[in-house]
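Below are some notes for a colleague who has not seen this structure before.

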Amino acid sequence: MKRSTILLALCLITGITLAQPLNIIPRPQEIKQQDGHFAINPQTKIITGVAGYESAKTLQQQLQTAFGLENQLEENNKQKENYILFKQNGKLSKEAYELNISPKSIEISASTATGWFYGVQTLLQLMDENPGEIPAVAISDSPRFHWRAFMLDESRYFKGAEQVKLLLDEMARLKMNVFHWHLVDDQGWRIEIKKYPLLTQIGSKRSSTQVGPLKWDSPIQSAEPHEGFYTQEQIKEIIAYAKARHITIVPEIEMPGHSSAAIAAYPWLGTAKKEIEVPTKFGVGTDVYDVSDPKVYQFLTDVLDEVMELFPSEVIHIGGDEVKYDHWKSSETVQAYMKKNGIASPAGLQVFFTNRISNYLESKGRRMMGWNEIMGHNLHHFQDDSDTKVDQQLAQQTLIHFWKGDLNLATTAASNGYEIVNSLHSLTYLDYDYQSIPLSKAYHFDPIPEGLAKEYHSKVIGTGSQMWGEWIPTNGHMHFMVFPRLAAYAEVGWTELANKDFDSFKTALKKLQAIWQEKGIYYAPDDFVEKK
């Protein structure tokens with residue numbers, strides 16, 4: 001049965017049981033239920049000035065699409081009741097909103113278009129729960145963290161624009177505001193760079209793919225080619241789609257490691273200067289960028305120039321994780337470069353290189369972000385202590401994406417003045433199965449690490465949830481891993497700890513599951529999302 005049919009039926013019913021909980025994800029910070037309800041109907045007017053117009057238009061379209069209502073949009077309020085008013089309140093923060101529903105009217109107050117947009121999302125969730133008669137309520141709401149991200153890795157398996165837009169729609173519903181787009185890695189280059197066409201002509205294709213239950217140790221190959229990339233025009237369209245949903249897209253262009261696809265396209269980029277193929281096995285690649293070569297640095301800045309021309313995001317993610325230093329240690333030119341510049345270790349060389357990139361991005365009005373190896377942390381079995389003795393200071397404006405290590409590493413970064421996005425792999429990686437990260441574990445993740453001194457809490461600006469793609473070849477499998485945990489991570493990023501309740505979240509999730517089913521999202525059923 002369509003929701004428009006449900007609406008017409010429920011419009012005939014009077015009264016709402018106010019004792020029932022309001023099922024909203026993420027949970028608002030303050031909810032005060034009141035007497036009565038607001039009965040929306042085709043005569044309900046939507047009133048807005050210029051500032052709130054886009055969000056009011058969004059509401060008008062959603063009411064028509066989801067509920068079959070054709071409500072008029074007006075600039076001046078000529079009615080004493082039966083209206084939805086978008087009000088300006090300059091005292092509210094950028095993403096904050098107030099939603100006041102009385103029996104006579106609905107008022108959505110905010111200081112920015114983002115605040116109004118989030119108020120609309122809450123109103124639509126209330127309508128999903130109570131299509132004909134919305135309970136009277138006063139909601140005051142704003143996010144706990146201003147970085148609330150979901151990452152999609154398309155280097156390993158190209159998913160395409162339709163799936164990206166589906167994910168953006170669900171992020172918007174859940175008030176998530178950063179789409180971290182992992183477009184480049186060893187197994188595929190997915191973004192058109194016009195100055196270097198071989199990146200997509202060669203780097204976006206691989207002849208086969210490692211598969212099988214043994215995963216990283218599997219000897220099995222698919223024997224099926226895989227390819228795909230986004231043209232710059234397609235990327236512009238997706239960026240505009242995200243912007244309309246108040247989501248910033250942060251591109252990730254991996255350097256200096258995870259670069260085999262680029263080296264397959266242009267062998268002179270690597271330390272070995274030899275032809276390689278785009279890897280068909282997962283894991284760390286077969287070569288890294290030769291950061292001692294001026295032509296390689298020119299290549300990377302050329303690529304970043306085209307990336308910055310496309311993406312308005314202030315933050316550009318450069319990866320920086322899992323660099324195998326053996327490639328640099330065995331290169332005579334790299335060793336000579338290190339000696340010339342007084343660099344004592346491979347980790348020091350990575351920091352030196354990363355700072356050059358950071359300074360370049362800063363000169364263009366942007367800010368660099370990278371996984372926490374860029375600080376010189378020793379996180380991997382293929383590194384030793386001598387490799388990671390850092391005599392360089394990482395650029396202060398760098399945003400640290402914390403994914404691996406203990407509390408001491410996070411404390412070191414925060415105490416040295418760096419801002420952190422906490423995406424600890426054991427708690428936020430969506431490619432991990434539900435035994436490793438059940439829904440309850442995802443929900444109870446706190447981006448503020450336990451034991452972190454309170455004086456450094458403000459340095460943790462948010463969190464991310466990562467959909468790495470190595471073992472997730474199909475859209476349905478991706479849906480299964482992402483949903484419903486995405487909703488849990490949305491509440492992690494938005495809702496203050498004191499306002500969270502897992503039982504209430506699970507109740508609210510039922511309505512979301514119905515929407516996902518209607519949209520063809522193959523979410524994991526309830527009996528899979530907790531440990532067996």
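How many aromatic pairs does a search of the whole structure find?

1. The search finds 29 aromatic pairs. Rings of Phe, Tyr and Trp (its six-membered ring) pair if their centres lie within 6.5 Å; planes under 30 degrees apart are stacked, over 60 edge-to-face, and the rest tilted.

2. This is a predicted model: local features need pLDDT of at least 70, side-chain atom pairs count only at pLDDT 80 or more, and totals for chains, interfaces and linings use all residues. Residues are numbered from 1 along each chain as its sequence is written, and side-chain values use heavy atoms, without hydrogens and water.

3. Phe158 and Tyr230 form a tilted pair, because their ring centres are 4.7 Å apart and their planes are at 55 degrees. Tyr230 is buried, at 1% relative accessible area, while Phe158 is partly exposed at 23%. Buried means under 20% relative accessible area, exposed over 50%, and partly exposed in between (1.4 Å probe, protein chains only).

4. Ring pairs join Phe158 and Tyr230 in a cluster with Phe150, Phe179, Trp181 and Phe311.

5. The largest nonpolar core has 141 residues, of which Phe150, Trp189 and Ile191 touch the most other members. Such a core is a set of buried Ala, Val, Leu, Ile, Met, Phe, Trp, Tyr and Cys residues joined through side-chain atoms within 4.5 Å. A second, separate core of nine residues includes Trp147 and Val315.

6. Leaving aside neighbours within four places in sequence, Phe150 is in contact (heavy atoms within 4.5 Å) with residues including Leu167, Phe179 and Leu486.
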